[in-house]
Amino acid sequence: MDEKQHIHCLVDSCHYWSQGNMCQANEIMVTSDTFGSSQPEEVDAKRAKSLSPTPVDSCMETCCKTFISKDGETKVDGIQKMT
Ligand code: SF4
């Protein structure tokens with residue numbers, strides 16, 4: 001049985017996006033829009049265990065904090081793109 005988790009994502013302007021609308025980041029962090037927009041790029045999945053939960057009421061209030069544009073700086077948060 002394939003127990004690998006798959007993250008499907010339609011945001012093809014992201015560095016981690018891949019063919020078939022797949023996310024190839026080795027980990028991602030989803031948070032509230034409010035928290036995401038207030039934190040620097042370094043605050044991402046690697047620090048998730050030490051962060052407080054950020055509850056919201058709808059999907060419209062969430063964001064993928066791991067997003068980075070294709071020409072953005074990808075090394076600052078420690079996330080790896082799987083091949
Ligand atoms: S890091 Fe986030 S925005 Fe980028 S492809 Fe993965 S899920 Fe989508």
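Modeller: Helices (H or I, at least four residues) and strands (E, at least two) are DSSP runs, numbered from the N terminus. The model is predicted, so to speak of a local feature we ask for pLDDT of at least 70, and side-chain atom pairs count only at pLDDT 80 or more, while totals for chains, interfaces and linings use all residues. Residues are numbered from 1 along each chain as its sequence is written, and side-chain values use heavy atoms, with hydrogens and water left out.

Colleague: How many helices and strands are there in the protein, and what pattern does the protein follow along the sequence?

Modeller: The protein has one helix and four strands, and reading along the sequence gives β-β-β-α-β. The helix is α1 (residues 33-38), and Thr-34 is part of it.

Colleague: What radius of gyration does the protein have, and what would a compact globule with 83 residues have?

Modeller: The radius of gyration is taken over C-alpha atoms, and the globule rule is 2.2 Å times the number of residues to the power 0.38. For 83 residues a compact globule would come near 12 Å, and the protein agrees with this because its own value is 13 Å. Along the principal axes, its C-alpha atoms fill a box of roughly 30 × 30 × 25 Å.

Colleague: Is Thr-34 buried or exposed?

Modeller: Buried means under 20% relative accessible area, exposed over 50%, and partly exposed in between (1.4 Å probe, protein chains only). Thr-34 has 61% relative accessibility, and therefore it counts as exposed. Ile-28 is partly exposed because its relative accessible area is 25%, and Ser-13, in the segment before β1, is partly exposed as well, with 39%. Over the whole protein, 23% of the 83 residues count as buried.

Colleague: Which residues make up the largest nonpolar core?

Modeller: In soluble globular proteins, nonpolar side chains tend to be buried together. A nonpolar core is a set of buried Ala, Val, Leu, Ile, Met, Phe, Trp, Tyr and Cys residues joined through side-chain atoms within 4.5 Å. Here the largest one holds ten residues, among them Trp-17, Met-29, Val-43, Ala-45, Ile-68 and Ile-79.

Colleague: With which residues is Ala-45 in contact, leaving aside its neighbours within four places in sequence?

Modeller: Contact means heavy atoms within 4.5 Å. Ala-45 is in contact with Glu-27, Ile-28, Met-29 and Ile-79, once those neighbours are set aside. On the same terms, Ile-28 is in contact with Ile-7, Cys-23, Ala-45, Cys-64 and Thr-66, while Ser-13 touches Phe-67, Ile-68, Ser-69 and Lys-70. Among contacts between residues at least 6 apart in sequence, 64% join residues at least 24 apart.

Colleague: How far apart in space are Ser-13 and Asp-71?

Modeller: Ser-13 and Asp-71 are 58 residues apart in sequence, and their C-alpha atoms are 9.5 Å apart. Thr-34 and Glu-61 are 27 residues apart along the chain and 7.9 Å apart from C-alpha to C-alpha.

Colleague: Which residues are around the ligand?

Modeller: A residue is near a molecule if one of its heavy atoms lies within 4 Å of it. Those around the ligand include Cys-9, Cys-14, Ile-28, Cys-64, Thr-66 and Phe-67, and the shell divides into eight nonpolar residues, one polar and no charged.

Colleague: What phi does Asn-21 have?

Modeller: Most residues other than glycine have a negative phi. Asn-21 is not a glycine, yet its phi is positive, about 60°. Asn-21 lies in the loop between β1 (17-18) and β2 (22-23), and it counts as partly exposed because its relative accessibility is 29%.

Note on methods: Nonpolar A, V, L, I, M, F, W, Y, C, P; charged D, E, K, R; others polar.
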